[in-house]
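Subject: Structure for you to look at

Hello,

Here is the structure I promised to pass on. Please open it alongside this email; my notes follow below.

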Amino acid sequence: MSANTTDIAIIGGGIAGLALALGLHQRGISSRVYEVAPEVKELGVGITILPHAMRELTAIGLQEQVVAAGVVNTQSAFFNRFGQLIYKEPRGRYAGYPYPEVGIHRGRLHTVLFNAAVERLGRDAVQTNRRCVGHEQDADGVTLSFQETTSGANLPPVRAGIAIACDGVNSVIRKQFYPNEDVAFEGINTWRGVARGKPILDGHTYLRIGSIKTGKIVIYPIIDNVDGQGNQLINWTTEAPLMGRPKNDWNKLGKLEDFLPIYENFRFDWLDVPELLRNSEVLLEYPMVDRDPVARWTFGRVTLMGDAAHAMYQRGSNGSAQALIDARVLSDLLQSTGDPLAALVAYEQKRLPVTAKIVHTNRTTPPDFINIKVEELVGDKPFDNLDRYISQDELKALSDNYKRIAGFGQQDMA
Ligand SMILES: Cc1cc2nc3c(=O)[nH]c(=O)nc-3n(C[C@H](O)[C@H](O)[C@H](O)COP(=O)(O)OP(=O)(O)OC[C@H]3O[C@@H](n4cnc5c(N)ncnc54)[C@H](O)[C@@H]3O)c2cc1C
């Protein structure tokens, strides 16, 4: 089989891969994306685009489309499992940021990126139905092996100057560099879904209710007026300790009875959580996994990006943001250095330490730490006067600390 050739091969057409292709195109650098999915479908549940992620989407000209496809958050609010407000703060433009914060259906976000890539780069540059099964490199280039996803048939190899592995948390390219590594699992299961319902509070609030120790749920809207009758499509994500259950599967259909009992008492005068869960149209299970940070992403002509480089606990809504920042940083370096191999090294030096810190912070002190802290101080019971335990300024400091580490403190946004 004779090889196809490209200067830059991008393995995986997810958030990182498509953003990288768009960023390179904007700088006059051509690339090709190889994506395992036979076609792009609007699957999945919700995702939150924080202001620093929106800054990156804005830079590739997609802010308007993403905002139109999602719901802008006005505020983020933290409640205990008795429905009492612990802390709230304005978000995005409502907090003075230059960019909005948006809840969006993951499939819609992906479609916006995919359509933009196809429109700007051409359909040939975004190849679907291509499963990368490995790579080899020599002094002159990288050879990537592919199979057609639908048939399993071997395809002609692709020869590239450099290759960027954007193939997600279960990256085959990372596996070649780290064959003995597995995802890190510390005994937390998650279930995620979407349900139609009346807007909650102001209909633009990102809610965190309860703590991981006793069961936590995150709720936010992702589509306004989904049925023409004023209902929203509302995304929810639960996080619970194992409680004698096995580790959840990855992106498989989940069962309500496996976790509903934890939330049966989450009935407040402003929200009935069990009712929301029972109304779910989509219900998926995942384990809470990440990967221990590694010392290297770049090996000669190949580097890792996005979840392939730094899969993190899906707390704090930062996975996509960090993937988008990776893409912009590498695009800039490939443009400015003129030496692709040096650019890959500089990219790793710039991005690896920052993201490693976020991986650790998402394990120990994500934004949800506010709820854990209050539960520790008050005990697992309602409070009369929270100020007796912790001040609003202290809670704000916890929230601001996470933003600073994750790169979206107010000072980082200039
Ligand atoms: C359930 C869930 C909820 C999340 N919620 C949030 C959130 O609210 N906010 C947030 O910022 N982040 C969130 N994240 C994390 C975020 O989705 C990821 O960090 C982000 O998608 C990383 O982008 P990526 O391109 O690296 O990986 P992905 O988006 O996973 O893309 C990887 C791509 O590579 C393709 N691929 C895989 N293997 C191959 C192969 N062998 N050959 C070719 N292609 C391949 C895949 O099909 C996919 O398209 C969430 C993650 C999950 C799982």
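Lys-247 lies over the face of Phe-185, at 5.1 Å from the ring centre. Arg-192 does likewise with Tyr-286, this time at 5.4 Å from the centre of the ring. Bear in mind that this is a predicted model.

Aromatic rings

The whole structure holds 15 aromatic pairs. Take Tyr-206 and Tyr-220. Their ring centres are 4.9 Å apart and their planes meet at 10 degrees, so this pair is stacked. The two sit in distant parts of the chain: Tyr-206 is in strand 13 (residues 205–209), Tyr-220 is in strand 14 (residues 216–223), and 14 residues separate them. Tyr-206 is buried, with 7% relative accessible area. Tyr-220 is buried too, at 5%.

Now look at Trp-297 and Tyr-347. This pair is tilted, with 5.6 Å from centre to centre and 45 degrees between the planes. Trp-297 lies in the loop between strand 19 (280–290) and strand 20 (302–304), while Tyr-347 belongs to helix 10 (residues 340–364), so the pair ties together parts that are 50 residues apart in sequence. Trp-297 is buried at 1% relative accessibility. Tyr-347 is buried at 0%.

There is also an aromatic cluster. Its members are Phe-79, Trp-191, Trp-236, Phe-259, Tyr-263, Phe-266, Phe-268 and Trp-270.

Helices

Helix 10 also holds Leu-344. That residue is buried, with a relative accessible area of 0%. Leu-344 and Ile-164 are 180 residues apart in sequence, yet their C-alpha atoms are 9.0 Å apart in space.

Helix 9 runs over residues 319–337, 19 residues in total. From first C-alpha to last, helix 9 reaches 27 Å, close to the 27 Å expected at 1.5 Å a residue. Just after helix 9 comes Gly-338, with a positive phi of about 75 degrees.

Arg-196 stands opposite Leu-233 of strand 15. As background, strands of a sheet pair through backbone hydrogen bonds, in parallel or antiparallel fashion.

Strand 7 (residues 102–105) is worth a look as well. Val-102 and Ile-104 point one way from the strand, and Gly-103 and His-105 point the other way. All four are buried. Strand 7 pairs in the antiparallel sense with strand 3 (residues 46–49) over four bridges. Thr-48 is the residue opposite Gly-103 there. Strand 7 also pairs in the antiparallel sense with strand 4 (residues 71–72), over two bridges. In that pairing, Val-71 has Gly-103 as its bridge partner.

Ligand

How many residues surround the ligand? The number is 31, and the closest are Ala-16, Glu-35, Arg-106, Asp-307 and Ser-320. A polar backbone atom of Thr-48 is 3.0 Å from an oxygen atom of the ligand. For Cys-132, a polar backbone atom is 3.0 Å from a nitrogen atom of the ligand. For Gly-319, a backbone N or O atom lies 3.4 Å from a ligand oxygen.

Positive phi

Most residues other than glycine have a negative phi. Two residues here go against that pattern. Asn-129 has a positive phi of about 65 degrees, although it is not a glycine. Asn-129 sits in the loop between strand 8 (126–127) and strand 9 (130–137). Is Asn-129 buried or exposed? At 13% relative accessibility, Asn-129 counts as buried.

Leu-201 is another non-glycine residue with a positive phi, near 50 degrees. Leu-201 lies in the loop between strand 12 and strand 13. At 42% relative accessibility, Leu-201 is partly exposed.

Best wishes

Technical notes: Residues are numbered from 1 along each chain as its sequence is written. This is a predicted model: local features need pLDDT of at least 70, side-chain atom pairs count only at pLDDT 80 or more; totals for chains, interfaces and linings use all residues. Side-chain values use heavy atoms; hydrogens and water are left out. Rings of Phe, Tyr and Trp (its six-membered ring) pair if their centres lie within 6.5 Å; planes under 30 degrees apart count as stacked, over 60 as edge-to-face and the rest as tilted. Buried means under 20% relative accessible area, exposed over 50%, partly exposed in between (1.4 Å probe, protein chains only). A charge sits over a ring if NZ of Lys or CZ of Arg is within 6 Å of the ring centre and within 35 degrees of the ring normal. Two strands pair if DSSP finds at least two bridges between them. The expected span of a helix is 1.5 Å times one less than its number of residues. A residue is near a molecule or strand if one of its heavy atoms lies within 4 Å of it. A polar contact is a pair of N or O atoms within 3.5 Å; within protein, one must be able to donate a hydrogen and the other to accept it, and residues adjacent in sequence count only if both atoms are side-chain atoms.
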